[in-house]
Amino acid sequence: MTTVPGSVTGLAAAPGGSAATTESTFFTLDTVTADLMEVDAQFKACLNWDYGKRDSRVWNLYEKNKLSQWNATTDIDWDYDIRFGSELSEESGGRLASFVVGEGSPVPRELLTQFRWQYQSWMCSQFLHGEQGALVTTARLVETVPDMDAKTYAASQVADEARHVEAFARYVDEKLGDSYPINPGLKTLLHDLLSESRWDIVYLGMQVVVEGLAITALRLASSGFGDPVIRQITKMVASDEARHIAFGVTALTGMYRQVTSAELREREDFLLEAIQLMSRRFMLREVWERMDLDVEKGLLFARTNPMMATYRQMLFQQVIHVLRQLDMLSDRVKSLLLAENLVRPEIMLATR
């Protein structure tokens, strides 16, 4: 079993091959204190004594959220035995990271099973870190958004994100017993968002970019991963993320038609940075390094392999769709998406 600095917890293999904690360390602060990310921020907390009419689109989303709650302890079947590193069936192996058998792959055939497990560990770790980022940034929205309906919905989303962290952390801890630190691009974006005082930019970064990428990645994972536990988790989390994206769209619709050109440019600059950070997140550097493979060959493969390029384009479809709805799919944003090969040229032409 492999552990790394910044992993979720220290783990040991339980009898029978399943991963389990040897002591009660789940979600305890002393296991992560040395690796805390602390962000200094100045922002205005806002209270609103107008409690709304409770008939807005945001309030309707809040009502849907109340009806769609699930319990990570009781609604997921945790009994399935997962043996990290074990040989995968032909069906499971064929679904999971099928791109790695392509021409120019840095992974020799004898390491395919190891790579697929490491890839699943990396993906689930990034889901987990992203969900904690969503938990904290959405809690910030509760304080900073001006209207009460948005505060109320954001509070319900905080509960969603806590549940997502619970589910992914338990899966990584108890089922995989292997984890990765947060990807540097995601870490930088979260730091930027937590340093940000303008609530609409927090919406753009989290509800549009991070959640937009996550919902597609979760849906692909729910069909691509081999075991039923992670497929169930990703399917249930994705259903929540769809409402979270709708919250961001509802809150920001029409807003950027009313701002100054300088304010619009600032939002555009932020989006350009966020897109760059997230596009480079999927180069799998951490996996190539963990497996002691040729990192430069791995990065080149990740950039140029047609299946990986298609995967990144699929991930960014939702982001592009939302940016178009918000009138934020500017020429500069389109140019970056094309330069990073995150969208096919014909799709961009169709949006003009």
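Predicted model: local features only at pLDDT ≥ 70, side-chain atom pairs only at ≥ 80, totals over all residues.
I began with Asp 240, which counts as buried because its relative accessibility is 0%. For the cut-offs, buried is under 20% relative accessible area, exposed is over 50%, and partly exposed is in between, with a 1.4 Å probe and protein chains only. Residues are numbered from 1 along each chain as its sequence is written, and side-chain values use heavy atoms, with hydrogens and water left out.

**Asp 240, continued**

I placed Asp 240 in helix 7, residues 228-252. Helices here are DSSP runs (H or I, at least four residues), strands are runs of E with at least two, and numbering goes from the N terminus. Which side chain makes a polar contact with Asp 240? I found that of His 164, at 2.7 Å. A polar contact is a pair of N or O atoms within 3.5 Å; within protein, one must be able to donate a hydrogen and the other to accept it, and residues adjacent in sequence count only if both atoms are side-chain atoms. Setting aside residues up to four places away in sequence, I listed Ser 68, Trp 70, Asp 160, Arg 163 and His 164 as touching Asp 240. Contact means heavy atoms within 4.5 Å.

**Whole chain**

I looked up the overall make-up next. The protein has 13 helices and 2 strands, and 51% of its 352 residues are buried. Of the contacts with a separation of 6 or more, 81% are between residues 24 or more positions apart.

**Core**

I then went to the largest nonpolar core, which has 102 residues; Phe 115, Ile 233 and Phe 316 touch the most other members. Such a core is a set of buried Ala, Val, Leu, Ile, Met, Phe, Trp, Tyr and Cys residues joined through side-chain atoms within 4.5 Å. Which helix gives the most to this core? Helix 6 does, with 14 residues. For Ile 233, I noted Ile 76, Trp 78, Ala 167, Phe 168 and Tyr 171 as contacts, not counting residues up to four places away in sequence.

**Cavities**

How many cavities of 30 Å³ or more does the structure hold? I found 2. A cavity, on a 1 Å grid over the protein atoms alone, is a set of points where a 1.4 Å probe fits but cannot get out, and its lining residues have an atom within 4 Å of a point. Grid points are joined across faces, edges and corners, and the volume is the space filled by probe spheres set on the points.

The largest cavity has about 160 Å³ of space. Its lining numbers 17 residues, of which Gln 126, Phe 127, Val 210, Ala 214 and Arg 281 are the closest to the centre. Helix 3 (112-144) and helix 6 (199-224) each supply at least two lining residues, and helix 3 has the largest share, with 7. I counted the classes as 11 nonpolar, 2 polar and 4 charged. Nonpolar covers Ala, Val, Leu, Ile, Met, Phe, Trp, Tyr, Cys and Pro, charged covers Asp, Glu, Lys and Arg, and the others, Gly among them, are polar.

The second largest cavity has about 40 Å³. I listed its lining as Phe 99, Tyr 119, Trp 122, Phe 282, Leu 284, Met 308 and Tyr 311, which makes 7 nonpolar residues with no polar and no charged ones.

Leu 220 sits in helix 6 and is partly exposed, at 26% relative accessibility. Beyond its neighbours within four places in sequence, Leu 220 contacts Tyr 311, Met 314 and Leu 315.

Ser 222 is also in helix 6 and is partly exposed, at 21%. I found a polar atom of the Ser 222 side chain 2.7 Å from the backbone oxygen of Arg 219. Leaving aside neighbours within four places, Ser 222 contacts Arg 231, Thr 234 and Lys 235.

**Positive phi**

Most residues other than glycine have a negative phi. I looked at two with a positive value. Leu 284 has phi near 60°, lies in the loop between helix 8 (261-279) and helix 9 (285-290), and is buried, at 1%. Asn 341 has phi of about 55°, lies in the loop between helix 12 (331-339) and helix 13 (345-350), and is partly exposed, at 31%.

Conventions: 1 Å grid on protein atoms, 1.4 Å probe; cavity = no way out; pocket = protein on both sides within 12 Å on 5 of 7 lines; lining within 4 Å.
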